[in-house]
Amino acid sequence: MVDLGGGVQAIDWLAVAPVLVVACAAVVVLLADAFAGPPRSRRQALVPAALTLAGVAAAAVPAVRLWGERRSTFCVGGVLEGPAACSFVVDPVTLVFWGVVLFGTAVVALLGTAAVAEGRTPQGEWNFLLLCSATGAMAIAASRDLVTLVVALEVVSLPAFAMVGLRRDDPRAAEASMKFFLVSVVSTAVMLMGVSLVYGATGSMFLTQVDQALVTGAGPREVAVAGALLTVVGLAFKVAAVPFHMWVPDTYVGAPVAVAAYLSVVSKAAGFVGLMLVLGLGLRDLAPVWAPLVAVLAALTMTVGNVLALGQQHAVRLLAWSSVAQAGYMLVPFAAVGAAGAAGSAGAAGSGAGGLEPLGASVGYLAIYAFVNLGAFAVAAVVGTRHPRQRLTDYRGLVREEPLAGWALVFALVALAGLPPGVVGLLAKVVVFSSVSSAVTWLAVVMAVNVAIGLVYYARWLVELFRPAEVPGRSTYDVPNGVGVAVGMTFAAGVVLSVFPGLLLDPVLAIF
Amino acid sequence: MADYYTAYLPLLAILALGVGLVVAMFTSNRLLRPTHRTAEKMLTYECGVDPVGEGWAQSHVRYYVYAYLYVIFAVDAVFLFPWATVFGGLGWISVGEMGVFIGFIAVGLVYAWRKGVLTWT
């Protein structure tokens with residue numbers, strides 16, 4: 001990185017373009033809403049969502065152009081100061097997450113249009129907050145230093161609190177928002193404590209330099225270990241790993257379905273990418289310390305999530321517990337990093353990957369989970385337009401009376417359970433399973449048992465879908481156009497990926 | 001590592017001393033002083049005036065918006081002052097960058113203005 005005289009950094013604009021476009025779209029949405037005044041018609045109320053979709057599409061253009069490239073910007077250091085360290089890196093991991101975030105944001109914006117008819121959610125502000133949060137989620141995937149990472153993670157969370165509670169005169173939404181806020185703030189405090197200890201022990205905020213400092217053994221290792229553990233705990237709150245999951249069911253149920261979908265996919269993905277970057281890039285050398293901890297977290301998370309999902313009668317609450325359990329599966333490959341790393345460094349030292357191969361399974365699982373879970377939430381949003389109480393019995397007759405939504409939900413649930421017609425879900429589980437089975441056998445056994453438990457509640461819901469409705473016509477819906485498109489998008493993505501799973505999994509597994 | 005922690009020993013001693021002193025002073029005061037409770041003495045002290053009304057009072061809510069708006073400008077001041085000290089070395093590009101930053105902040109003000117927050121209700 002050449003210093004341009006005045007100390008002003010050169011910026012690779014194409015690399016930051018996708019994030020920048022989303023951020024600017026947020027401002028455009030806010031100003032357009034402020035100057036247009038309160039919507040006078042149903043159509044005008046849809047303008048913010050349309051602008052959001054346009055912004056997401058515009059952000060996808062530079063993201064597609066960047067595909068396959070590696071670019072870094074906001075670098076410090078250079079000829080005199082030693083090797084350069086960069087705050088913002090676009091690599092295949094970044095791009096996969098950008099894809100997930102952009103797809104998720106588009107689907108959530110479409111689901112948000114379900115709230116237009118009711119008129120209790122200010123659409124301009126809601127879409128503004130959605131784009132702001134998405135900006136953070138995109139920034140975190142590219143961040144390569146701890147400050148950028150923490151700030152980006154907060155940019156994801158802060159608008160999300162408001163999105164949860166934005167519905168007027170809804171005490172449950174306000175309560176959900178409050179719980180989410182308190183838990184998230186505490187987790188940020190814990191994480192900042194961890195980050196500051198890591199910084200104190202290694203003398204750098206850049207993940208690459210943190211890694212080097214740990215490898216060379218400069219600085220007190222105990223402090224770095226304490227910092228690493230606190231950071232893991234802080235991020236475990238964000239991804240809702242047990243025992244830091246208490247906020248999830250109440251927040252998902254209290255929030256509008258679209259926001260619950262956002263939290264369970266985009267916000268969770270941001271937490272995971274943060275975990276992946278901090279542990280995989282920065283604290284790789286401490287893997288023997290954190291890998292067993294993450295293994296325990298993973299085992300607890302999937303077991304508690306699945307067992308508590310068994311008794312749920314509320315569809316969104318069931319999805320909330322199921323998403324807790326799914327987070328457990330995503331944590332599984334982390335547990336194998338240490339073991340694989342030991343084998344890797346013994347065999348092929350300096351291969352570059354350094355035993356991070358299992359994380360590819362986590363990325364792949366997360367991406368597939370994002371598509372099918374959004375699908376399940378999309379159909380829940382359809383049902384919610386008529387049955388806001390979201391009992392499982394409200395889903396009776398869906399397949400017969402509303403075939404598209406019904407089959408979309410069947411597909412999503414089958415894929416979440418990991419059964420054959422939903423090939424993506426099955427493959428995701430196989431990928432995760434194979435990443436860990438040889439390294440941490442007990443965790444693979446726990447996971448296998450959990451997949452079996454998961455089948456029970458997904459099947460229970462599936463059975464309701466095929467039962468006839470108690471009153472004929474009770475499961476017919478006047479599906480809002482936007483929500484219909486969202487259902488179609490997620491369904492199509494799931495089916496395409498089931499037929500050609502290599503489209504997603506081949507590049508993802510080749511990353512590390 | 002041991003040296004590192006011993007360096008904090010004086011701090012711990014001062015902390016213990018401070019807490020101990022306050023506790024000792026209040027305890028000895030309590031033990032030595034005569035106590036005669038009268039209704040007059042148990043009243044809440046409010047600048048020599050008898051307290052009026054309940055402790056649970058409401059203050060006007062319209063000020064909170066101004067508190068929010070103040071935060072917007074407090075935040076940009078945090079960045080403007082350090083920038084001003086190094087501005088000489090950064091040149092005019094940094095003025096443009098600061099303009100972008102201020103522009104983003106100003107969007108908050110424009111939004112507040114359009115939503116009618118700035119008119120006193």
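Begin with the largest nonpolar core, which has 212 residues; the members that touch the most others are A:L111, A:A269, A:A335, A:F377, A:A378, A:V379 and A:L443. A nonpolar core is a set of buried Ala, Val, Leu, Ile, Met, Phe, Trp, Tyr and Cys residues joined through C-beta atoms within 7 Å. A residue is termed buried if 20 or more other C-beta atoms lie within 10 Å of its own, exposed if 12 or fewer, and partly exposed in between, with C-beta atoms placed from the backbone. Next select helix α14 of chain A, residues 357-384, which gives the most to this core, with 20 residues. Helices (H or I, at least four residues) and strands (E, at least two) are DSSP runs, numbered from the N terminus.

The model is predicted: local features need pLDDT of at least 70 and side-chain atom pairs count only at pLDDT 80 or more, while totals for chains, interfaces and linings use all residues. Residues are numbered from 1 along each chain as its sequence is written, and chains are lettered from A and ligands numbered from 1 in the order in which they are written.

**Stop 1: A:L111 and A:V257**

Select A:L111 and display its contacts. Leaving aside neighbours within four places in sequence, these are A:V257, A:A258, A:A261, A:F377, A:A378, A:A381, A:V483 and A:A486. Two residues are in contact if their C-beta atoms, placed from the backbone, lie within 7 Å.

Move to A:V257, in helix α11 (residues 257-282) of chain A. A:V257 is buried, as 29 other C-beta atoms lie within 10 Å. With neighbours within four places in sequence again set aside, the contacts of A:V257 are A:L111, A:V316, A:F377, A:A380, A:A381 and A:G384. A distance to draw here is that from A:V257 to A:A114: the two are 143 residues apart along the chain, and their C-alpha atoms are separated by 9.3 Å.

**Stop 2: A:V164**

Select helix α6 of chain A (residues 146-165) and pick out A:V164 within it. A:V164 counts as buried, with 27 C-beta neighbours inside 10 Å. Beyond four places in sequence, A:V164 is in contact with A:A173, A:A176, A:S177, A:F180, A:T251, A:G254, A:A255 and A:V259. From A:V164 to A:K268, 104 residues apart along the chain, the C-alpha separation is 15 Å.

**Stop 3: backbone features of chain A**

Select the loop between α9 (221-238) and α10 (247-254) of chain A, where A:P243 lies. The peptide bond leading from A:V242 to A:P243 is cis, with omega near 5°. The loop between α9 and α10 also holds A:A240. Although not a glycine, A:A240 has a positive phi of about 60°. Is A:A240 buried or exposed? A:A240 counts as buried, with 28 C-beta neighbours inside 10 Å.

Then go to strand β1 of chain A, residues 71-78, which contains A:F74. Phi of A:F74 is positive, near 55°, in a residue other than glycine. A:F74 is buried, since 21 other C-beta atoms lie within 10 Å.

**Stop 4: from chain A to chain B**

Show both chains together. Nine residues of chain A are in contact with 11 residues of chain B. On the side of chain A that touches chain B, seven residues are nonpolar, two are polar and none is charged. In this classification Ala, Val, Leu, Ile, Met, Phe, Trp, Tyr, Cys and Pro count as nonpolar, Asp, Glu, Lys and Arg as charged, and the others, Gly among them, as polar.

**Stop 5: chain B**

Colour chain B by its domains, domain 1 (2-42) and domain 2 (63-114), whose bounds come from an automatic or database domain assignment. Their C-alpha centres lie 45 Å apart.

Select helix α2 of chain B, residues 9-32: its 24 residues reach 34 Å from first C-alpha to last, close to the 34 Å expected at 1.5 Å a residue. The expected span is 1.5 Å times one less than the number of residues.

B:T38 is in the loop between α2 and α3 (39-42) of chain B. B:T38 counts as exposed, having 7 C-beta neighbours inside 10 Å. Draw the distance from B:T38 to B:L90: the C-alpha atoms are separated by 70 Å, for residues 52 apart along the chain.

Finish with helix α4 of chain B, residues 63-90, whose 28 residues should span 40 Å at 1.5 Å a residue; the end C-alpha atoms are 39 Å apart, which agrees. Where is the kink in α4(B) centred? The kink, of about 50°, is centred on B:A84; the bend at a residue is the angle between axes fitted to the seven residues ending there and the seven starting there. Zero of the 28 residues of α4(B) are buried, so the helix lies largely in the open. α4(B) is followed by B:G91, with a positive phi near 85°.
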